[in-house]
Each structure stands twice: as structure tokens, then as C-alpha cells.
Amino acid sequence: MSLSNFAITELPLERTEMKTEMPSKKQIRYYKTLQDDFVESSDQEHTLPDDYIWIRESKGARFARPVLYAIGYLFALLYGKLVLHLKIVRAVDMKDYRTTGAVVYGNHTQPIGDVFVPGLVCAPKRCYTIASPANLGIPVIGALLPWMGALPIPSDFRQMKKFLGAVRQRLQENNCVVVYPEQHVWPYCTQIRPYPATSFDYAVKNEVPAFCMTTTYQRRRFSKKPRTTVYLDGPFCADASLSPQAQKEALRDQVYACMQKRSEQSTYVYVEYRPAAEENGTTDK
């Protein structure tokens, strides 16, 4: 099914037909468009300074980056085990792709986990995650995120050249660049929201394979919060015989179809999302 003509802000999410369990008092959240924000930082309007540097090359920076990345990796191990009750299922081993960069696309359902979990999923490759500049406005941790692999999106079009250069450099260094094409965090959402082909330009222009990382949720015994299972699939490669735009759309369609299929492994709805038109009471946000 082609997604080329999806109206991203207008289409309602399709209700899943799979058998799922729901907690007795589940959370229901209502959305007006698929661009609604359900998680905001304390400085949601944070912008990057004009002289922002995406990759610092000083001796101090080269020393600090691997140290802070390792700390982030350890935090991910603890957070995954103690909070997310994380299980990772890999249909592909990133060890086989040590000599190439890769763009990994994921569904955006964890405000903290989506920052740190990709490092576990894509190991031993290092991950750099494209993120909203609002994340840098988070007290304390925000300033550390770039050192742990965050690549904030430019606040000004004039910064785009340097940003794209940083993405290209990280891919040329055979790292993973992680993208959340849904753009907005919907905690514990079990459905894949439609998304445009725009972000697939990273894979097409840099001529690297794409992978998808799908987060799903299952029931846990003795707890209302679900267990988290993340699936890694790929590679998906652009068809060089097509035009650049057609390559992006075809690649997006492949990744989206795979995410849709993997999302069927969600068997527990902790938070349900409904169109605002269905709301007949107070929103649960």
C-alpha cells in the first residue's frame, strides 16, 4: 500500500483488529491531528544558537564523547531492565554492517527510552539520534544529550548545511543515525502513525541501507505497565533506477509496512489514542 498521498494531519489511526488486553482503568488520550504533542519539555520552544556546533573536534571533546556515551549505554541497560522490562529481537545483526553507515527508523513511543535504547538495539554500532532542539532544554540532561549522540534539528534554515554535514560525517564513520519519522512522542502507542517520506532522504542521499526498529508492548504479570519488546529489521535499500523522490517514497513504504507488521506483536494497550471527535468527556492527558 502506497503512503505517498497520506494527509498526515488528517487521517485517523486505524483501529487494530488483533487480540489485545487492556488494563481495567486504561488511559485514553484524544488527538486532533497526528502532529499533536503529548510530551513536552520544560523549554519546548528551545532553539539552537546561530553558532551551534554539531561535531566538536577538540581534544577535550574527543575524550568526553566516548566516556559520556558509555555512561548513557549503562543507563540504557538499567533503564531497559528496571523500567521498560526490555526485550530486543533482532532479525538482523549489526555486526554484519560494521563497514557501512545505516539509518534506523523507529516509532516514537518513549520520551526517555527512545533516547537511550537505540544504543542497545544497534550495538556494536554507535548511534546518533536526530532530535528536536526542545530536548536540549531539559534541565541538566539536555546539555549532555549532544555528547551522548543527539543531533538536534536546526532552528534556522541557514544551519541546515552544517547539520546535514554532521549527519553525513557520522554515516561515513560507519555509525547508525536514528530517526523517528512520526516526530512526536505518543507514550505507549501501539499503532504506527503515517509519516512522510522526507526523512528517508538521509538514507537515499548518503547511499546507505535503512533499518527499522519497532517498539511493541505486551502484558506483564502483576503489573499494569507493559513489557517492551523492540524488533530490529532490515536492511532496506533504495532502488537507484528510480528518481530520488520515488526512491524516498519506496523506501518509506517498505519500512512502514515492516513496522505495521511488527506492531501486530503488541498485545496490550496501556494507553489508547482516539480522535478528538470521539471525546465525550474530559481528556486524559
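Modeller: Residues are numbered from 1 along each chain as its sequence is written, and side-chain values use heavy atoms, with hydrogens and water left out. In this predicted model, local features need pLDDT of at least 70 and side-chain atom pairs count only at pLDDT 80 or more, while totals for chains, interfaces and linings use all residues.

Biologist: In what order do the 7 strands of the open sheet stand?

Modeller: Strands are DSSP runs of E with at least two residues, and helices are runs of H or I with at least four, both numbered from the N terminus. Two strands pair if DSSP finds at least two bridges between them. The pairing in this open sheet is mixed, and the order of its 7 strands is β2-β8-β7-β3-β6-β4-β5.

Biologist: Which strands stand at the edges of the sheet?

Modeller: An edge strand here has a single partner strand, so one of its sides is left without a neighbour in the sheet. This applies to β2 (86-90) and β5 (150-152).

Biologist: What is the average twist from one strand to the next?

Modeller: Axes are lines fitted to C-alpha atoms, for helices over the stretch in contact, and angles run from 0 to 180 degrees between N-to-C directions. From one strand to the next, the twist averages 25°.

Biologist: Which residue of β6 stands opposite Tyr-105?

Modeller: Strand β3 (residues 102-106) runs parallel to β7 (residues 210-220), and 4 bridges join the two. Another 4 bridges join β3 to β6, also in parallel. Tyr-105 stands opposite Cys-212 in β7, and in β6 the residue opposite Tyr-105 is Val-179.

Biologist: How many of the 5 residues of β3 are buried?

Modeller: A residue is buried under 20% relative accessible area, exposed over 50%, and partly exposed in between (1.4 Å probe, protein chains only). Ala-102, Val-104 and Gly-106 point one way from β3, whereas Val-103 and Tyr-105 point the other way, and all are buried. Strand β3 is therefore largely enclosed by the rest of the structure, the number of its buried residues being 5 of the 5.

Biologist: At what angle does helix α4 run to β5?

Modeller: Contact means heavy atoms within 4.5 Å. Helix α2 (residues 113-121) lies across β2, β4 (127-131), β6, β7 and β8 (223-236), at about 45° to β2. Helix α4 (residues 160-172) lies across β3, β4, β5 and β6, and its angle to β5 is about 155°.

Biologist: How many salt bridges are there?

Modeller: A salt bridge is a side-chain nitrogen of Lys or Arg within 4 Å of a carboxyl oxygen of Asp or Glu. One of them joins Glu-264 and Lys-261, whose closest N and O atoms are 3.7 Å apart; Glu-264 is partly exposed at 43%, and Lys-261 is exposed at 55%. By this rule, the count of salt bridges is 9.

Biologist: Is Arg-170 buried or exposed?

Modeller: Arg-170 meets Glu-173 in a salt bridge, with 2.9 Å from N to O. Glu-173 has a relative accessible area of 37% and is partly exposed. Arg-170 has a relative accessibility of 5%, and therefore counts as buried.

Biologist: How many residues apart in sequence are the parts tied together by Arg-193 and Glu-182?

Modeller: The side chains of Arg-193 and Glu-182 form a salt bridge of 2.9 Å, N to O. Both residues lie in the loop between β6 (176-179) and α5 (201-206), so the pair ties together parts whose separation in sequence is 11 residues.

Biologist: Why is the pair of Phe-75 and Tyr-79 counted as stacked?

Modeller: Rings of Phe, Tyr and Trp (its six-membered ring) pair if their centres lie within 6.5 Å; planes under 30 degrees apart count as stacked, over 60 as edge-to-face and the rest as tilted. The whole structure holds 15 aromatic pairs. The ring centres of Phe-75 and Tyr-79 are 5.6 Å apart, and the pair is stacked because its planes stand at 25°.

Biologist: How many residues apart are Tyr-195 and Tyr-256?

Modeller: Their ring centres are 5.3 Å apart and their planes stand at 70°, so the pair is edge-to-face. Tyr-195 lies in the loop between β6 and α5 and Tyr-256 in helix α6 (residues 244-263), so that distant parts of the chain are linked, the separation being 61 residues.
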